[in-house]
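Subject: The structure you asked about

Hi,

Here is the structure, ready for you to open next to your notes.

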Amino acid sequence: MSQCGGFHSMATNCKDYDFLQIEPYWQSFWEKSKSFRAENGSTKPKYYILDMFPYPSGAGLHIGHPEGYTATDILARYKRARGLNVLHPIGWDAFGLPAEQHAVKTGTHPATNTQNNIVNFRRQIKALGFSYDWDREVDTTDPTYFRWTQWIFLQLFRRGLAYVDERPVWWCPELRTVLANEEVIDGRSEVGNFPVERRNLRQWVLRITAYAEQLLDGLKQVDWPDSTKRMQEAWIGRSEGAEVVFGLEDPSLGKLKVFTTRPDTLFGCTYMVLAPEHPLVPQLTTPAQQPLVDAYRKKTANKSDLERTDLAKEKSGVFSGSYAINPINNSRVPIWIADYVLMGYGTGAIMAVPAHDERDFEFARQFQLPITRVIEAPDGSPELPYAGDGKVVNSPGYDGLAWPEAKKKITADLAARGLGKGTVNYKLRDWLFSRQRYWGEPFPVVWVSETDYRHAASVRTDLPAEPVTFTENGQVHYALPLPDAALPLVLPDVKSYLPSGTGESPLANETAWLEIWLNVVTGASVPASAPRPSGNEWIRGRRETNTMPQWAGSCWYYLRYLDPQNPRAIASPEALKYWDVPDLYVGGAEHAVLHLLYARFWHKVLFDLGIVPQNEPFRRLFHQGIILGEDGQKMSKSRGNVVNPDDIIRKYGADSLRLYLMFLGPLEAMKPWNPQGIEGVHRFLRKVWRECLTEEGTINPRLSAAGQLSADTERLLHETIRKVGEDIEGLRFNTAISQMMILLNALQKETALPRPAILDVLRLLAPFAPHLAEELWARLGESGSIMSAGWPTFDPAKLVATSITIVIQVNGKHRGEVTAPVGASESDLLALASANPKVSPHLADKAVKRTIYVKGRLLNILV
RNA sequence: GCCCGGGUGGCGGAAUGGUAGACGCUGGGGACUUAAAAUCCCCUUUCCGCAAGGAAGUGUGGGUUCGAGUCCCACCCCGGGCACCA
């Protein structure tokens, strides 16, 4: 109860709009009465509205968070008012680098810092009056949560979707960890902006490429911004083409396989290119070319990817000395080695068709290689390279075909001879899933010997069809998953949070946790330094030292909200069925390809496992725009243009902040913060207050049960009820607010104010400014929370005006307007227009040639 | 280079192909007040005009249409994404 308690038992009794008193009062009221609890097992229709949960950084809530969160909160409150069982949850994506870096610096456990930050975030979020169901809060670092993150990993592992590979990865010496491709921007780390380099390290990799086609396909069925769908499409990067097998001049060296999207240009292939890392390069290099090739390979190996992919630079390459045989015409083509061909895509080798590929063209010109035109431009233009449509030429047997036809025919002909086949390639790479870090989910995997693995396989049914192995110093290690029952595998306490620096995480130094006797049946363990427990199910093992990336916990959190305390499953089948997937997911566009692709991948795997009932997790997605600083620049500490929600709340209140964030402009737009603008919405709220209460804090005597609005204002009220509802559904909060302002300006001018009208206003305003709406609702003597008062309805009959204003144009120019009864005919209007003093001069002495009448709006008279 | 999104007053923005600039901010004037704050009223795209009124006007240039901020074509600028993926 607030300190000003007293007469009104259900509200504060402050005299003026004292938001600092009102807002905490209602927040604690909601908390105590569990107003926002979503009910499992309800018979009501549901509405699930999801925010992207935040990483609880030490800096606290940024003004961008409440923008999206206010939008979803308005919708959640609106849907509740309409009688739906609303699930609106929040949680913490709390594993991550900043907490770990803080731990490295201070020596305190990252969990401590993380929990402090969460407390602060929770306070700030509650101060904004968001209607989250706090009983469903999740925290990705909580063992009862990450137990299921690990469990899902085990499902992936069991299905052969997780494997270990030694591969070149981005290594950041400063952060002492590897980073995913997506975490590297222009050769520097996204976090911290440190330089990165290539290193070969043993890594866990998830086979997301196995789902490339499904991930692409599923985009057709979701209601997402087009730009985001296109970004994912481009990221997956499907291309249809063919693998073509070239013979080698020296048949003893085998064959050379290339991928091309344009098999129709096979006659135009004048040379081949292998990536410097291609395994055939050493055999194909002739002794005479050996020194050149070696030097070139060495040079490219030291190049960063940034240098290698810099388009501005000249192409480089060397001749191998060998030749391949074109399978279509047996011509002899030289084999070159060049770094513009990437080992990671296709087969790492290409057939170069300089006439019709810009990159090949550039290379051919640089090294004076022949260029043969095989596609004719429709206009006969001789210009090369030519990548457009046209007919095939200089290709005996195929001349005259349109290129797509030739592509099919040549592919089929090669396939018939066993020299090629149609294939599909994707740019999407498997997902590098491990980090050499402490502050992440440990992998529930123990490395064991082959013998022990075989033993385990004889007593366990949850191992993958093919064992996951890794060879080190000639010894093969087998990855043995912990049984489900042994989860969660929690992090041990460590002495230092600093990565080992050798590519292993700080966990590698925790011998007692790391080197163990493992019970293969139960997953129980004892330190290897202790005597081996008796029983033949105990084997020697070493735990995996990598941890999972931050993306892991956020891949499935929307499912845990459905049934967050369930100890037996990620969520019960009933909850998964009832709540289904989110009806709306709101979050920043910066996650367009990472989080949103990874989560879709996991969801599809869970679908295939029969755990979730749908194959796409996010049916409707919306990106809120970014709020820029006052100076129109991105907000940042260094620019000093950061807006802190706490300051705004102190000065204007949470309701004003919520309203202003929504009034700033369209939700999806990027828009600058204007510190003066908030005055406008704050004045509006005070105006609402004054319409309801006097300066003494008593009910405004202007309000009466008997009063009657003027016809125009009555219509405006119904129009506003209609528009606010529609605008909320369409996420057009800015126009909903301006409509309420228009209504209030009109109500203010009315002589009497019928009580039902002002109660409607409060119910419309409640999702936007919930504290004020609750307070005034109670102070006007209404019982219960305004949230249980439903949503006002409008009467369509009241929307129809009795008279209309018609704009009169003469020859398309606006010349005046006339007022006419609703049923006025075109000729009535023409007569009215001719009589109108503003219009008549423009009609004088001229014959009316034609009129165009837009019903109820406009009459255009052509003379 | 390629793919998206966007250019409207001093500012944020509003406009199913039908009165461009709603709503709000800023600025100016006025009322109330001893004064201030708060509140209320009027004005606030540009140009011409004392006014009535007129003309121009939604990045630029064309086009379609009775009528274009909105549709089409070309271009300029800003923002985002991708970038030797054969």
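A residue is called buried here if its relative accessible area is under 20%, and exposed if that area is over 50%. One thing to keep in mind as you read: this is a predicted model.

With that cut-off, let's take helix α22 (residues 711–729). Its buried residues are T713, E714, L716, L717, H718, T720, I721, V724, G725, D727 and I728. What do they pack against? Their partners are α2 (64–81), α23 (733–748) and α24 (755–765). After α22 comes L731, with a positive phi near 60°.

Now the domains. The assignment for chain A lists domain 1 (44–161 + 207–220 + 548–615), domain 2 (238–426), domain 3 (447–542), domain 4 (674–798) and domain 5 (801–862). Taken over C-alpha atoms, the centres of domain 1 and domain 5 are 59 Å apart.

Next, some strands. β32 (residues 803–810) pairs with β33 (residues 813–821) in the antiparallel sense, over eight bridges. T805 has T819 in β33 as its bridge partner. The two strands make a hairpin with two residues between them, and N811 in the turn has a positive phi of about 50°. β32 also runs parallel to β35 (residues 858–862), joined to that strand by four bridges. There, I808 stands opposite L859.

Last, the charges. Side chains of opposite charge can pair when their charged atoms come close. How many salt bridges turn up in the whole structure? The search finds 45. Three of them, in a bit of detail:

- D357 pairs with R359, with the closest N and O atoms 2.5 Å apart. D357 is buried at 17% relative accessibility, while R359 is partly exposed at 48%.
- K495 pairs with E510, with the closest N and O atoms 3.9 Å apart. Both sit in the loop between β22 (475–481) and α14 (511–514), so the bridge ties together parts that are 15 residues apart in sequence. K495 is exposed, at 73%, but E510 is buried, at 11%.
- E616 pairs with R600, with the closest N and O atoms 2.8 Å apart. E616 lies in the loop between α18 (595–608) and β27 (621–622), and R600 in helix α18, 16 residues away. Both residues are buried.

There is also a network: R158, R460, D462 and D484 are joined by salt bridges that share partners.

Cheers

How values were computed: Residues are numbered from 1 along each chain as its sequence is written. Chains are lettered from A and ligands numbered from 1 in the order in which they are written. This is a predicted model: local features need pLDDT of at least 70, side-chain atom pairs count only at pLDDT 80 or more; totals for chains, interfaces and linings use all residues. Side-chain values use heavy atoms; hydrogens and water are left out. Two strands pair if DSSP finds at least two bridges between them. Domain bounds come from an automatic or database domain assignment. Buried means under 20% relative accessible area, exposed over 50%, partly exposed in between (1.4 Å probe, protein chains only). Contact means heavy atoms within 4.5 Å. A salt bridge is a side-chain nitrogen of Lys or Arg within 4 Å of a carboxyl oxygen of Asp or Glu.
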